[in-house]
Amino acid sequence: MRAVVLSGPNQFAPAEIEKPQIGPDEILLEMKAAAICGTDMRILTGKKTKGVRYPSVIGHEFCGVIAEVGADVKGYEVGEKVAVANVIPCHHCSSCLRGRTNACLDRKAIGYEFDGGFEEYIRIPAICIENGNVVKLPEHMSYQAGALIEPLSCCIRGLKNAGTGFNDDVLIVGAGPIGLFHLQLSKIAGARKVIVSEPNEQRRKVALELGADLVVDPTKEELPAIVNRETNGQGMDVIVMAIGVPALVNSTLKLCKRGGTVNLFAGFAGTGESTIEVNTIHYNEINVNGSTAYKLEDYLAAAEMIKSGKIDADKIVTHRFKIEDFQKAYDVCVAGTGLKVIIEP
Ligand SMILES: [Zn+2]
Ligand SMILES: [Zn+2]
């Protein structure tokens, strides 16, 4: 079968590998759509190495049709359309025992410890099935939307950490796929006004179509002055940083209302170090938090939100490529000209 094999940092190419054999308690999934994530890009270029094996197949946002079901697996049938939550928490570590399964200290994940989405057939391990991570999808949901349940579930975790609620003024920094999900979620959570800051014109346009109350080009407009004007000098209740640029953190903190929350959602580039004026946090009693991965409850919620049409995932897809053309897909991601890029078999 065909797969994108990662053999080292910056060494990846489509290749012929053996189709996985499944055990009696496993499922074989025929991949129909797998999305490229910013994290995948960091792995491909060697900027992220934790949990990454060489050679291996990465890709953790995927959806497909069940091709084989092991003899001991119950509740699933060949031909069913499913999406798979790739993160499998241990349920035993101190993080899991405190309910933070998304921040499990001993997690296993498809696309890391197990081969992931950028291949024709994916072996779904028993621990993944037992954990309830294989989610059946209705006919009307597209495969690409199924693949995007995973990034949406991460955003739902971020929304919960940000605590966005009724009548809040929200600023989303960055309108990539993640920022656009945060925009939609903020509106659903009851935000009064959502401002999206994004230098790319095409992305700002999509943000407006998805319900942004105001879009700002931070390279040409004065974002602090706009925030001031739009919030009567109060600042934002909630700010979600959906772009991992450490140098933007300090100026972003200053846009927050007293007692507001800044969620550092994106993974930050380089060492992630940044100089911030800590008195901004101190005197304004700003809550600063992060967000990592998702809990299964977030994944199931994300599936329901897309299923019911409350969240538009298809609008966030701009490109589709075959496994054979992975390099082209990679180049589109590097150029940043699109939004979500999907790999198909
Ligand atoms: Zn991802
Ligand atoms: Zn754990």
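Q: Which residues of helix α8 (residues 223-230) are buried?
A: This is a predicted model, in which local features need pLDDT of at least 70 and side-chain atom pairs count only at pLDDT 80 or more, while totals for chains, interfaces and linings use all residues. Residues are numbered from 1 along each chain as its sequence is written, chains are lettered from A and ligands numbered from 1 in the order written, and side-chain values use heavy atoms, without hydrogens and water. Buried means under 20% relative accessible area (1.4 Å probe, protein chains only), and helices (H or I, at least four residues) and strands (E, at least two) are DSSP runs numbered from the N terminus. In α8 the buried residues are L223, I226, V227 and E230.

Q: Within what arc do the buried residues of α8 fall, seen down its axis?
A: The arc is taken over the directions from the helix axis to the C-beta atoms. The buried residues line one face of α8, because they fall within an arc of 100°.

Q: Which residue of β5 is the bridge partner of G64?
A: Strands pair if DSSP finds at least two bridges between them. Strand β4 (residues 61-69) and β5 are antiparallel over three bridges. The partner of G64 in β5 is V82.

Q: Which residues coordinate the zinc ion (ligand 1)?
A: Donors are N, O and S atoms within 2.8 Å of the metal (3.2 Å for Na, K and Ca); water is not among the atoms, so sites may look incomplete. The donors follow the spacing C-x22-H-E along the chain. At 2.2 to 2.4 Å, they are C37 (SG), H60 (NE2) and E61 (OE).

Key: Buried < 20%, exposed > 50% of the residue type's maximum accessible area, 1.4 Å probe, protein only.
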